[in-house]
Each structure stands twice: as structure tokens, then as C-alpha cells.
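Dear colleague,

My notes on what was found in it follow directly after.

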Amino acid sequence: MSAESPSPRTVGPSDGDLDLPALGATLWRKKWRILGPTILVALITLLVVEVITPTYLSESRIFVEGQDNVYLRPDADRDTGERTVDQEAVTSQAQIILSRDLASEVINKLKLGERPEFDPTLTGVSPITAVLGSLGIVKDPLSMTPEERVLTAYYDRLTVTPVDKSRVIDIDFRSQDPELAAKVANAIAEGYLVRQREAKQEQAKSAGQW
């Protein structure tokens, strides 16, 4: 009996060799499954960098005094040193701080309209902002007047919060420039205090006439 010799067989990639051409073809066919998420993440990152820039926060605090004049109060209340907190009155004073009149005064005083941070059209609207504006995601700066652009940027950066159960109002302002953030917060507080002094002078004048 004679032994049969083993028949020859073809050695392929399954035997441990890497079939690079086949692997390359497979990757090429599925390239968008791989590149798609990468491109999407890159676009989102670019959008965040473009729209969200580092900002600095500055805070001022205002103590709201009572608006009534002691000489116009009843005799029984004139010697009373303590007064209850009128939260509605404090809230109304916060609305004065948010008034467009005071905003325009601060904007003109610090020349905010000359800064690209408050008027992006000064340096040209970025393509991403233009696309977002056309999609309605953000307001298109080119469709607004210069005054509207500056006021919108001003109010986007301003937060006015009455402190609960007190006569204190917090004024927070954000800016890309930390020095400017402090200047704007202080200018808002100063503008409000000037109006308070003028109101007291009017009250004193009315009391003198009365």
C-alpha cells in the first residue's frame, strides 16, 4: 500500500497575512462613516470658538434708599428709624437701571459703538455669523441699525438682579476686556445714583413748596 501525498493548497490572507488592498478598498467604501462624525465635530468646535469667546465679569452693587421724603410722612412715622423693605420699589429701581435712557448714556460715555465687540460690522461679519443669521438662529447684524447692534450687545452682557429681601441690586456686566467690564458696571451705577440725587432734589423742592 502506497501513501498518498498531500495535495497543494493556496495560502491566502486568512492564513495570517494582511490583505492591504482589500482593507484599503473596504475603508474607502466606508470613508463617510469614518470622516462624517470627524467633520461634524470639527464644524461644531469651529462654531463654538467663533460664537463663544472668553468674557470677564464685573459686578457693582447699589443700595436703594426709600423714595419717600421724611417731611411728607405722617407725624407718627417721622421718628421711626426702621422701614420695611418694599420689594416692588426695589424692582422698579432695577427697571430704571435697565432703562434705554441709561443704556444710551453709558454707551455714549464709554464710546462702546466704536468697539467691534459691540458692533461686529466694524471688522466685518464672519461667514459663520452670516450663515446663522440667514438661518434665523441669531439676528443678522447687517439687518440692524448701528444703534440697535450696540444696544443688543449691551443688554446681552448686562444682568441686573435685586437681592431677595433687601434693598441691594446687583449689576453684572460681561466683556472680552476685563477693564471695560469694570468701567461699564461702574458707569451704570454712577448713572443711576445721579438720577437718584436728582429725584431727591425734586422731592426736597416739593417739600419746601408744601
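Strands β2 and β3 pair in the antiparallel sense, with five bridges between them. Please bear in mind throughout that this is a predicted model. Within the pairing, Val160 stands opposite Ile171 of β3. The hairpin that β2 and β3 form has five residues between the strands, and Lys165 takes a positive phi near 60 degrees there.

As to the overall organisation, the chain holds seven helices and three strands. Read from the N terminus, the order of the elements is α-α-β-α-α-α-α-β-β-α. Of the 210 residues in the chain, 24% are buried. Among contacts with a separation of 6 or more, 72% are between residues 24 or more positions apart. The accessible surface of the chain is about 14800 Å², and carbon and sulfur atoms account for 58% of that area.

Strand β1 includes Ser58. This residue has a relative accessibility of 14% and therefore counts as buried, the cut-off being 20%. Beyond its sequence neighbours up to four places away, Ser58 touches Ile171, Asp172, Phe173, Ala181, Ala182 and Ala185.

Helix α3 spans residues 87-97, and its buried residues are Val90, Gln93, Ala94 and Ile97. Viewed down the axis of α3, these fall within an arc of 105 degrees, so they line one face of the helix. They pack against β1, α4, β2, β3 and α7. The N-terminal end of α3 is capped by Asp86, which places a side-chain oxygen 3.2 Å from the backbone nitrogen of Glu88.

In helix α4 one finds Ala103, which counts as buried because its relative accessibility is 0%. Setting aside neighbours within four places in sequence, Ala103 is in contact with Leu151, Tyr154 and Tyr155. The C-alpha atoms of Ala103 and Ala187 are separated by 9.8 Å, although the two residues are 84 residues apart along the chain.

The loop between α4 and α5 contains Asp119, which counts as buried because its relative accessibility is 5%. A polar contact of 2.6 Å joins the side chains of Asp119 and Arg149. Apart from neighbours within four places in sequence, Asp119 is in contact with Gly113, Pro146, Arg149 and Val150.

Turning to charged pairs, the count of salt bridges comes to eight. One of them joins Arg195 and Asp101, with the closest N and O atoms 2.7 Å apart. Since Arg195 lies in helix α7 and Asp101 in helix α4, this pair ties together parts that are 94 residues apart in sequence. Arg195 counts as buried at 18% relative accessibility, whereas Asp101 counts as exposed at 52%. Salt bridges with shared partners join Asp101, Glu105 and Arg195 into one network.

A further salt bridge brings together the side chains of Glu117 and Arg157 at 3.1 Å, N to O. The pair links distant parts of the chain, with Glu117 in the loop between α4 and α5 and Arg157 in helix α6, 40 residues apart. Both of these residues are buried.

Lys183 and Glu179 also form a salt bridge, their closest N and O atoms being 3.5 Å apart. Both lie in helix α7, four residues apart, or about one turn of the helix. Lys183 counts as partly exposed at 43% relative accessibility, and Glu179 as exposed at 51%.

Yours sincerely

Definitions and conventions. Residues are numbered from 1 along each chain as its sequence is written. This is a predicted model: local features need pLDDT of at least 70, side-chain atom pairs count only at pLDDT 80 or more; totals for chains, interfaces and linings use all residues. Side-chain values use heavy atoms; hydrogens and water are left out. Buried means under 20% relative accessible area, exposed over 50%, partly exposed in between (1.4 Å probe, protein chains only). Helices (H or I, at least four residues) and strands (E, at least two) are DSSP runs, numbered from the N terminus. The arc is that of the directions from the helix axis to the C-beta atoms. Contact means heavy atoms within 4.5 Å. A polar contact is a pair of N or O atoms within 3.5 Å; within protein, one must be able to donate a hydrogen and the other to accept it, and residues adjacent in sequence count only if both atoms are side-chain atoms. Accessible areas come from the Shrake-Rupley method with a 1.4 Å probe; for residues, only the protein chains shown count as cover. Two strands pair if DSSP finds at least two bridges between them. A salt bridge is a side-chain nitrogen of Lys or Arg within 4 Å of a carboxyl oxygen of Asp or Glu.
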